[in-house]
Amino acid sequence: LSGLVYPKPAGRPLGQHCAPTDGTSTTGDHPGGDEFNGHRRYQTGDSQHHVDWKAHARGRSLLVKDFIGAGGGVVWCEWERTQGDDEQRLAQLAQWILEAHRLAMSYGLRLPGVVIAPAAGEGHYHHCMRALTLHGFPAGGDP
């Protein structure tokens, strides 16, 4: 039996640190778009900036605000924009990828020696997370 364990997402939220490539901004309160689309349950890795703290103070469970619209653009999650040792950098990139995936954004990944073009969806998410997991191992080698 074999498998891969993705890096644990950790670090700063997506909106302040990834680079949009089409002139749109990801630095606002809701980088996925500009129209409120309701709530969903909080999941580990969600940005605390999107948590509806007022609803939580009223006794509701942790809920995250969802937004839709054209505000997200294409985002690059880049090794050069991270800090720390390799594990911290991979955790930060995993955080940004998870957030971009949950917001249905188009995002790309740049690691030393690896570039994954922007896309979206479940397959793209797993492609990027696999690249993070295998970072530092010889090409074609087993972790």
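Is C77 buried or exposed? I started there: C77 is buried, with a relative accessible area of 0%. My cut-offs, for later entries too: buried is under 20% relative accessible area, exposed is over 50%, and partly exposed is in between, with a 1.4 Å probe and protein chains only.

**Ground rules**

I am working with a predicted model, where local features need pLDDT of at least 70 and side-chain atom pairs count only at pLDDT 80 or more, while totals for chains, interfaces and linings use all residues. I number residues from 1 along each chain as its sequence is written, and side-chain values use heavy atoms, with hydrogens and water left out.

**Overall layout**

I looked up the secondary structure and found three helices and six strands in the chain. These are DSSP runs numbered from the N terminus: H or I of at least four residues for helices, E of at least two for strands. Their order along the sequence is β-β-α-β-β-α-β-β-α. Of the 143 residues in the chain, 39% are buried.

C128 is in no disulfide, and the nearest cysteine sulfur, that of C77, is 7.6 Å away. C128 is buried as well, with a relative accessible area of 0%.

Next I followed strand β4, residues 74-78, where four of the five residues are buried. I see β4 joined to strand β5 (residues 106-111) by five bridges, and the two run parallel. For pairing I ask that DSSP finds at least two bridges between two strands. Two positions I noted: W76 has G108 of β5 as its bridge partner, and E78 stands opposite R110 in β5. The chain gets from β4 to β5 through helix α2 (residues 86-102), and this β-α-β crossover is right-handed. Right-handed here means that, with the strands pointing away from the viewer, the path from the first strand over the helix to the second runs clockwise.

On the way into β5 I stopped at A104, in the loop between α2 and β5. Phi of A104 is near 55°, a positive value in a residue other than glycine. A104 counts as exposed, at 65% relative accessibility.

Then I checked G108, which lies in strand β5. G108 counts as buried at 0% relative accessibility. I also took the C-alpha separation of G108 and H124: 9.1 Å, for residues 16 apart along the chain.

From β5 I moved on to strand β6 (residues 114-119), joined to β5 by four bridges and running antiparallel. R110 stands opposite V115 in β6. The β5 and β6 hairpin has two residues between the strands, and G113 takes a positive phi near 80° there.

**Aromatic pair**

I searched for ring pairs and the structure holds one. The rule takes rings of Phe, Tyr and Trp (its six-membered ring) with centres within 6.5 Å; planes under 30 degrees apart are stacked, over 60 edge-to-face, and the rest tilted. The rings of Y6 and Y125 have centres 6.3 Å apart and planes at 85°, so I logged the pair as edge-to-face. The pair links distant parts of the chain, 119 residues apart: Y6 is in the segment before β1 (19-20), and Y125 is in helix α3 (residues 122-134). Y6 counts as partly exposed at 29% relative accessibility, whereas Y125 is buried at 12%.

**Last stop in α3**

I ended at T133, in helix α3. T133 counts as buried at 13% relative accessibility. A polar atom of the T133 side chain lies 2.9 Å from the backbone oxygen of M129.

Notes
Disulfide = S-S within 2.5 Å. Polar contact = N/O pair within 3.5 Å; in protein donor to acceptor, adjacent residues only side chain to side chain.
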